[in-house]
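Please walk me through this structure, starting from the overall fold and ending with individual residues.

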Amino acid sequence: RRQAGLMAEYYLALRHAHIGFVILSIGLFVLRGGLMLMDSPQVQSAWLRYPSYAIDTLLLTAALMLTSVVHQYPFGNGWLTMKVALLVVYVVLGSVALKRGRTRRIRIAAFAAALLTVGFLVTVARAHHPLGLFAGLGA
């Protein structure tokens with residue numbers, strides 16, 4: 001019983017940390033994407049890149065700790081598997097948008113697609129269902 005209480009305490013703290021890091025990470029991506037849209041060289045500046053690495057590392061750490069506390073794991077749980085898949089797509093699109101896209105048009109399209117992807121990822125996380133906001137359709 002005591003151990004279950006401790007897990008609940010860890011769960012809430014980890015969940016809040018995870019959500020906070022999600023907000024910071026997406027916010028920083030939107031800021032860098034806005035700078036990209038304005039053709040600002042600041043999009044690749046160290047003062048924006050390094051905090052992004054730190055925030056994303058803490059975000060992933062909190063996510064991994066949450067999975068161990070709640071005993072739900074990707075590839076064993078549909079909605080977590082979808083979150084991981086969407087995360088990979090988001091990271092690739094974000095990289096194209098902020099760095100690897102060869103043309104402005106490609107970078108803008110990748111930025112828009114990354115925002116749509118992360119938006120859907122958030123709905124999957126909130127619904128705890130692989131279909132996210134579409135989970136109620138067909139029910």
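This is a predicted model: local features need pLDDT of at least 70, side-chain atom pairs count only at pLDDT 80 or more; totals for chains, interfaces and linings use all residues.

The protein contains four helices and zero strands, and from the N terminus on its elements follow the order α-α-α-α. Along the principal axes, the C-alpha trace spans about 55 × 40 × 20 Å. The protein has 139 residues, of which 29% count as buried; to be counted that way, a residue must have under 20% relative accessible area.

Helix α3 covers residues 78-100, and it packs with α4 at an angle of about 160°, the two axes being 8 Å apart. Angles over 145 degrees count as roughly antiparallel, and α3 and α4 are therefore roughly antiparallel to each other. The crossing in which α3 passes α4 is left-handed.

Ser 95 is a residue of helix α3. Its relative accessibility is 23%, so Ser 95 counts as partly exposed; the class begins where buried, under 20%, ends. Ser 95 and Pro 74 are 21 residues apart along the chain, and 23 Å separates their C-alpha atoms.

How many salt bridges does the structure hold? There is one salt bridge. The pair is Arg 104 with Asp 39, and the closest N and O atoms are 3.1 Å apart. Arg 104 lies in helix α4, whereas Asp 39 lies in the loop between α1 (2-37) and α2 (46-70), so the contact ties together parts that are 65 residues apart in sequence. Are the two partners buried or exposed? Arg 104, at 34% relative accessibility, counts as partly exposed. Asp 39 has a relative accessible area of 52% and is exposed, because the exposed class takes values over 50%.

The backbone at Asp 39 also deserves a look. Asp 39 is a residue other than glycine, yet its phi is positive, near 60°.

Although Phe 75 is not a glycine, its phi is positive, at about 70°. Its place is the loop between α2 and α3. With a relative accessible area of 71%, Phe 75 is exposed, since the cut-off for that class is over 50%.

Which residues make the nonpolar surface patch of about 410 Å²? The patch is made by Leu 131, Leu 133, Phe 134 and Leu 137. One of these residues, Phe 134, is located in the segment after α4, the helix of residues 104-127. Phe 134 has a relative accessible area of 41% and is partly exposed.

Ser 95 belongs to helix α3 and Arg 104 to helix α4. Phe 134 is in the segment after α4.

Notes
Residues are numbered from 1 along each chain as its sequence is written. Side-chain values use heavy atoms; hydrogens and water are left out. Patches are made of residues with over 30% relative accessible area and no salt bridge: like charges are joined within 9 Å, nonpolar side chains (Val, Leu, Ile, Met, Phe, Trp, Tyr) within 5 Å. Accessible areas come from the Shrake-Rupley method with a 1.4 Å probe; for residues, only the protein chains shown count as cover. A salt bridge is a side-chain nitrogen of Lys or Arg within 4 Å of a carboxyl oxygen of Asp or Glu. Helices (H or I, at least four residues) and strands (E, at least two) are DSSP runs, numbered from the N terminus. Buried means under 20% relative accessible area, exposed over 50%, partly exposed in between (1.4 Å probe, protein chains only). Axes are lines fitted to C-alpha atoms, for helices over the stretch in contact, and angles run from 0 to 180 degrees between N-to-C directions. Angles under 35 degrees count as roughly parallel, over 145 as roughly antiparallel, 65 to 115 as roughly perpendicular and the rest as oblique. A crossing is left-handed if the near helix is turned anticlockwise from the far one by less than a right angle, and right-handed if clockwise.
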